[in-house]
Every structure is written in C-alpha cells, then in structure tokens.
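Here's a quick briefing to read alongside the model. Keep the sequence and the 3D view open as you go.

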Amino acid sequence: MRDPMGDAMNGTSKWAMAASMAAVLGVQAIGQQAARVQVTAIQTALVAKRVIVVSLEDRKLALVEDGQVKKVYTVAVGKSTTPSPTGTFTIARRVKNPTYSHNGKTVLPGPGNPVGTRWMGLSVQGYGIHGTNEPRSIGKAASHGCIRMARKDLEEMYELVNVGDTVKLVGQRNEETAQLFGGEQKPVVAGAPEPMVTASVTPAPTTITTEAATEGLAVTGNW
C-alpha cells in the first residue's frame, strides 16, 4: 500500500532538488556571461586606436597611437602637377613586395619597383603610402600623389599599422600639425594663395584582402 505522505515528501524533495539545480545552472550562466563580457572588454581595451597624420606642407608623417605620438617620419608628397589628395581615409590593404602595374606596364618586386617593398593602399583609388626607387625624393614634393617613405622607415611603419587604421592627409598647416611637427600654425590671410596644391578626390569602396593573400600582389597607383 502506497504511503501518500511519503509520495508527497518524495515529490517535494525532487522539486527542491530541481529548483536547486536550476539555481546553480543559473548562477553558472550568469558567471559565464560576466566572463564573456570581461574578456570582450579586455580585448577592446587592447585594440589601439591608431591615426596616421600626414602634413603635406611639412612633408612629415606622424603615427599617433591612443593619442600619443609613436613615430614621426620624413616623406615625399605630390608635386604641383600631380598633387596629393587631402581628407580622412583609411588603410584599405597592406601588400609586401608588391608587383606594380600602371598604364599597361608591370614592374616585378625588386630594386627598380617604383613603390618599393611595401604598399599601404588607401580608401581612395590609386593612392597609397609606399616606398620608392628614388630615395633622394624623400622630403620633397616629388611624387605623383602618393606618400613615399624611405625603405627603412616604410618597413618599420608597415609592421606598426593595420587595415582599417585612419589616415589624415592635411594640406594646409593647422593646429594639429603644428602640435605634431612643431612650429606655429600659419595665419589664414583672406585672398592669399594656397601654398600647397592638393587633389580633390572622393573615397571609393575598396576590397580588403587578407594579409596572407597579399605577398607579391599587383597594385596600381600614382606613385
């Protein structure tokens, strides 16, 4: 003969055990979620915010990371007949030892390659930060619109930046470039001619290629 009281006790015990297990699982789930949130926060904090600022007038490039100047390099910028663009862009892709292609002419990686050993293409078609086979042009307004760097500087900076980093090309010296590169901001005089000729361009959508697939990739630009 079944004992109703015993059955009730067993039912209560089972319910209590189930409730206890649910509570434990709930605490574990909350703990796991908190851990995921913490890991995400740590990963976000570890991602440095990098901005590359190029002063066309100073012919200088500053790599700024989390608001601090990490490196300053001397560069070549566009000459008056083929000026560099101004504006805010991003690094769209990075290529080691690029094959250069322009107007039907292809130049393989090597000493004669006009874009050197590294290419950091910008989110504006035809322009990038790269090396040069004319090292004496560094520090001058001599390029076809791109930003040229000396090989040592180029290869060093290439390892410090990533796809998606912001690139600001500044034509007229302003407060920001004065702080980064020293000297005074030049006063704006009504009717005065612009000391630096720049190109007017519109950023275009660019396909981002993974790093593993870019070794020796062909690039086109205004070097």
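What follows is a short tour, from the overall make-up to single residues.

This is a predicted model, so local features need pLDDT of at least 70 and side-chain atom pairs count only at pLDDT 80 or more, while totals for chains, interfaces and linings use all residues. Residues are numbered from 1 along each chain as its sequence is written, and side-chain values use heavy atoms, with hydrogens and water left out.

**Overall make-up**

- The protein has three helices and twelve strands; these are DSSP runs numbered from the N terminus, with helices being H or I of at least four residues and strands E of at least two.
- Of its 223 residues, 35% count as buried. Buried means under 20% relative accessible area, exposed means over 50%, and partly exposed is in between, using a 1.4 Å probe and protein chains only.
- Among contacts with a separation of 6 or more, 66% are between residues 24 or more positions apart; a contact means heavy atoms within 4.5 Å.

**Nonpolar cores**

- A nonpolar core here is a set of buried Ala, Val, Leu, Ile, Met, Phe, Trp, Tyr and Cys residues joined through side-chain atoms within 4.5 Å.
- The largest one holds 23 residues, and Ile 52, Leu 61, Ile 129, Ile 147 and Met 157 touch the most other members.
- Elements that give two or more residues to this core include strand 1 (50-55), strand 2 (60-65), strand 3 (68-78), helix 2 and strand 11.
- Another core lies apart from it, with seven residues, among them Ala 62, Val 64, Val 170 and Leu 180.
- Setting aside neighbours within four places in sequence, Ile 52 is in contact with residues including Leu 61, Ile 91, Ile 129, Met 157 and Val 167.
- Helix 2 has Leu 154, Met 157 and Tyr 158 buried. They sit on the same side of helix 2, because they cover an arc of only 105° around the axis, the arc being that of the directions from the helix axis to the C-beta atoms.

- With five of its five residues buried, strand 7 (residues 118-122) is largely enclosed by the rest of the structure.
- Strand 4 and strand 7 run antiparallel, joined by five bridges; two strands pair if DSSP finds at least two bridges between them.
- In strand 7, Met 120 stands opposite Arg 94.
- Strand 7 also pairs with strand 8, in the antiparallel sense, over three bridges, and Gly 121 stands opposite Gly 128 in strand 8.
- Strand 7 and strand 8 make a hairpin with five residues between them, and Gly 126 in the turn has a positive phi of about 95°.

**Salt bridges**

- The structure holds nine salt bridges, each being a side-chain nitrogen of Lys or Arg within 4 Å of a carboxyl oxygen of Asp or Glu.
- Glu 159 pairs with Lys 96 in a salt bridge, with the closest N and O atoms 4.0 Å apart. This pair links distant parts of the chain, 63 residues apart: Glu 159 is in the loop between helix 2 (151-158) and strand 11 (166-170), and Lys 96 is in strand 4 (residues 87-96).
- Both ends are partly exposed, Glu 159 at 48% relative accessible area and Lys 96 at 27%.
- Glu 134 forms a salt bridge with Arg 148, at 3.6 Å between the closest N and O atoms. Glu 134 lies in the loop between strand 8 (128-130) and strand 9 (141-143) and Arg 148 in strand 10 (residues 147-149), so the pair ties together parts 14 residues apart in sequence.
- Here Glu 134 is partly exposed at 45% relative accessibility, whereas Arg 148 is buried at 1%.
- Salt bridges with shared partners join Arg 50, Glu 65, Lys 70 and Asp 165 into one network. Within it, the side chains of Lys 70 and Glu 65 meet at 3.6 Å, N to O.

- Most residues other than glycine have a negative phi.
- Arg 59 is not a glycine, yet has a positive phi of about 60°; Arg 59 sits in the loop between strand 1 and strand 2.
- Asp 66, in the loop between strand 2 and strand 3, also has a positive phi, of about 50°.
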